Amino acid sequence: TDALETVWIFCCQMTDLIYAEKDLVQSLKEYIRAEENKLSQIKSWAEKMDVLTSKSASDPEGYLAHPVNAYKLVKRLNTDWLELENLVLQDTTNGTKYRSSLTVGDCFGMGKTAYNDGDYYHTVLWMEQALKQHDEGEDTTVSKVEILDYLSYAVFQFGDLHRAMELTRRLISLDSTHERAGSNLRYFEKLLEKEREEEEKEKSINKTMTTTEPVVQGGAYERPLDYLPERDIYEALCRGEGIKMTPRRQKRLFCRYHDGNRNPHLLIAPFKEEDEWDSPHIVRYYDVMSDEEIEKIKQLAKPRLARATVRDPKTGVLTVASYRVSKSSWLEEDDDPVVAKVNQRMQQITGLTVKTAELLQVANYGMGGQYEPHFDFSRRPFDSTLKSEGNRLATFLNYMSDVEAGGATVFPDFGAAIWPKKGTAVFWYNLFRSGEGDYRTRHAACPVLVGCKWVSNKWFHERGNEFLRPCGRTEVD
């Protein structure tokens with residue numbers, strides 16, 4: 001009897017354990033489902049945009065750079081680069097096109113997020129597209145009233161009072177009980193009346209003035225003024241357009257074997273060197289890092305990656321900025337022998353000393369990651385007390401991944417675009433022999449459209465390399 005009772009108790013305990021395990025598995029499934037639902041909206045947009053998914057969706061590294069939502073990502077890629085109706089993006093390096101279309105709901109969601117962000121320019125772009133697709137009869141749960149509500153106020157923010165009134169009246173014709181629309185219309189009418197009174201005043205002063213009918217502007221508005229003077233050139237280069245390399249200049253570009261000015265370590269195994277640009281001279285080196293070394297560097301960097309910062313020109317404080325979206329980390333030679341090996345190799349190739357160079361910086365740009373035009377050197381007046389090793393003399397940039405679309409390094413001043421190739425590196429001088437900065441070297445990292453971009457770079461400084469700077473500016477036709 002005792003044995004049977006013991007067996008019975010054991011069976012009951014096992015049954016309880018089995019049910020507890022089932023409950024645990026079910027709870028885990030519900031937790032996973034809840035987490036997936038949190039990303040459902042972003043996932044919905046991403047699935048409709050092949051340009052943002054493709055291989056990137058299956059590559060977890062593609063999400064390392066910065067956790068942006070879909071609106072901010074597309075805004076970073078710049079809506080003006082896209083055809084909103086089909087969202088066609090083309091990478092001219094391989095001619096691949098990624099095509100997908102957004103629904104009324106998608107466009108409305110984008111426009112609403114832009115509105116909440118105070119970005120009325122992109123609000124108008126997205127709401128106009130949502131309204132266009134709605135008028136064409138697309139099946140959607142978003143009402144035309146909702147679209148017109150946001151669109152009319154965004155248009156008003158651009159000072160287009162007549163069109164704001166026209167859109168508001170259209171809204172009221174669909175929903176006469178809409179309180180905000182009615183209030184807005186009355187406010188717009190008062191403003192219009194005030195404008196007319198001022199016109200009458202001016203007309204009485206200037207009798208030659210003729211009356212003109214109010215003109216509804218339409219859907220296009222000028223993009224807000226940008227702090228970036230070379231915005232158009234920068235964006236064109238990122239699209240693969242506007243590259244200024246004439247046939248005459250192309251003849252000056254050569255490939256060769258480079259032994260680092262007869263460096264003993266490179267005599268037997270020199271590096272393949274290719275001219276990317278003649279003036280300023282930019283070169284690319286091939287097979288600089290092996291796949292094994294790249295993976296090791298990435299492995300070392302990943303736990304330390306943090307949002308990349310820039311120095312505020314007014315306060316001097318390091319801070320994050322919307323024009324630099326990436327994650328970066330710094331590796332020391334003591335971290336792993338491979339770091340010391342890569343540093344030594346860059347020294348052998350360039351003939352510059354790493355003793356006064358900065359640590360190896362590793363950066364990851366996920367989808368939408370970018371760094372707008374900037375200088376690597378500190379512009380004058382250069383405060384030598386801040387950096388005893390001097391200004392940044394030269395830049396050595398290692399490409400540690402291929403990028404399926406986007407991600408080029410571009411130089412707006414002279415129209416060069418250099419596309420990432422895994423295992424290669426590019427090198428250029430930032431300063432003249434006089435110590436003056438070469439302002440032509442202002443460059444940018446274009447947004448990553450598809451894939452994930454990994455780079456590492458070494459900034460060589462003046463101290464210890466005083467006699468190795470280029471002689472001066474070379475003018476080219």
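I took a contact to mean heavy atoms within 4.5 Å. On that basis, of the contacts in the protein chain with a separation of 6 or more, 72% are between residues 24 or more positions apart.

I note that this is a predicted model, where local features need pLDDT of at least 70, side-chain atom pairs count only at pLDDT 80 or more, and totals for chains, interfaces and linings use all residues. Residues are numbered from 1 along each chain as its sequence is written, and side-chain values use heavy atoms, with hydrogens and water left out.

Next I looked up burial (buried is under 20% relative accessible area, with a 1.4 Å probe and protein chains only). The protein chain has 477 residues, and 46% of them are buried.

For secondary structure I used DSSP runs (helices are H or I, at least four residues; strands are E, at least two; numbered from the N terminus). The protein chain has twelve helices and 20 strands.

I then turned to helix α6, residues 144-157. Ten of its 14 residues are buried, so the rest of the structure largely encloses α6. Among the buried ones I list Leu-148, Asp-149, Tyr-150 and Phe-156. After α6 comes Gly-159, with a positive phi near 85°.

Last, the sheet; strands pair if DSSP finds at least two bridges between them. I read the order β9-β12-β18-β15-β16 in an open sheet of five strands with antiparallel pairing. β9 (324-325) and β16 (416-418) are at the edges with a single partner strand each, so one side of each has no neighbour in the sheet. Two bridges join β15 (residues 409-411) to β18 (residues 443-445), and Thr-409 is opposite Ala-445 in β18.

Key
Buried < 20%, exposed > 50% of the residue type's maximum accessible area, 1.4 Å probe, protein only. Expected span 1.5 Å × (residues − 1).
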